Amino acid sequence: MEAAKQPVPKILQEKRKFWTPQRKEALTGWLFLAPEIVGMLFLNVFALGFSLYLSFSKWDLLSGVKGIEFIGLDNYIKMFHDPSIIQALKNNAFYMIMTVPIPIAIALVLAALIQNSVFLKNYFKVAFFIPYISSIIAIAAVWSALFHPSLGPINQLLMEFGISSPPKWLVDPKTSLLSIAIISSWASLGYTIIIYMAGLTNISDEIYEAAEIDGASALKKFFAITVPMLRPTTFFLLITMLIGSFKVFDIIAFLTEGGPNNSSTVLVFRIYEEGFKYYNMGYASAISWLLFAVIGLITAATWKMRNEE
């Protein structure tokens, strides 16, 4: 006579119910993600928290961890009374205006022309995109020679046209930041054009054909069809370029080092100076959080306008 089957203990039944194939698969996925999550927590979350703590502290980087001294809001009070920080904020605002809305408008027009009215489209795509993938330092070096006050080709050409005192460009406080904005806009123009051309491929030709039947001119089609239907693309470029304009550093460090007379200094360069030139990591951290707040506020305002629209 066969032995009666022993009933499965209740605890084993519950365990089998808990470890379903779906949960086992999810656990496997989390195990694969664990190294990345641990790294992100350590490198990002810990770094953010430590930076926030340092912003309320005085710390000479050369003194080691033991040299950290809590000073409360002194760094923030000092920051809002620091003329160089106020100047850096003004410079960031000017640079943002020069390198975001103006290049976006130019890129939109060029993308529409290349897409609809130009032969050898692929050639122009490559030609405009090459500066974007080139080293910004190499580009800055070339433009530095072009902008040379006396020997540069640009000023030589201006003098040929009768301008006896052309701009000093990078060495003049009045034009140094404008010169950097021109270089940055030129270097990033190809990327903006490519993004817009990708957006243009999603607009159906039937819409343009219907507009032509109704007698719409090319200009009317551009403003009534192209511009409105590229709003998501424009919004994407606006957000990414706004954030990028506040992160500019390398080209300024190479060309002007924030000068002359702080005319081209920006917040990121001031962070670099305080943290790695003067080793004042507490003050540098406070400026970093100011930069974070400014970018956050501008991004939030842009999102709000987009949602209302």
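Predicted model: local features only at pLDDT ≥ 70, side-chain atom pairs only at ≥ 80, totals over all residues.

Residues are numbered from 1 along each chain as its sequence is written, and side-chain values use heavy atoms, with hydrogens and water left out.

Start with the record. An unreviewed UniProt entry puts "transmembrane region" at residues 26-54, 93-114, 126-146, 177-198, 235-255 and 283-303; such annotations may be inferred rather than shown by experiment. Look at two of these stretches in the model. Residues 93-114 come out as 95% helix and 0% strand, with end C-alpha atoms 31 Å apart. Residues 283-303 are 100% helix and 0% strand, and there the end C-alpha atoms sit 30 Å apart. Helices (H or I, at least four residues) and strands (E, at least two) are DSSP runs, numbered from the N terminus.

Now for the pockets. A pocket here is an open set of points on a 1 Å grid over the protein atoms alone, where a 1.4 Å probe fits, with protein on both sides within 12 Å along at least five of seven lines; lining residues have an atom within 4 Å of a point. Volume is the space filled by probe spheres set on the points, which are joined across faces, edges and corners.

The largest pocket holds about 570 Å³ of space. Its lining has 23 residues, and Tyr95, Tyr132, Ser184, Ser188 and Gly244 are the closest to the centre. Helices giving two or more residues to this lining include H4 (83-99), H6 (121-133) and H12 (231-246), but H9 gives the most, with six. By type, the lining splits into twelve nonpolar, nine polar and two charged residues (Ala, Val, Leu, Ile, Met, Phe, Trp, Tyr, Cys and Pro count as nonpolar, Asp, Glu, Lys and Arg as charged, and the others, Gly among them, as polar).

The second largest pocket has about 450 Å³ of space. Among its 18 lining residues, Ala112, Asn116, Tyr208, Ala218 and Thr226 lie nearest the centre. Helices H5 (101-117), H10 (205-213) and H11 (218-229) each supply two or more residues, and H5 gives the most, six.
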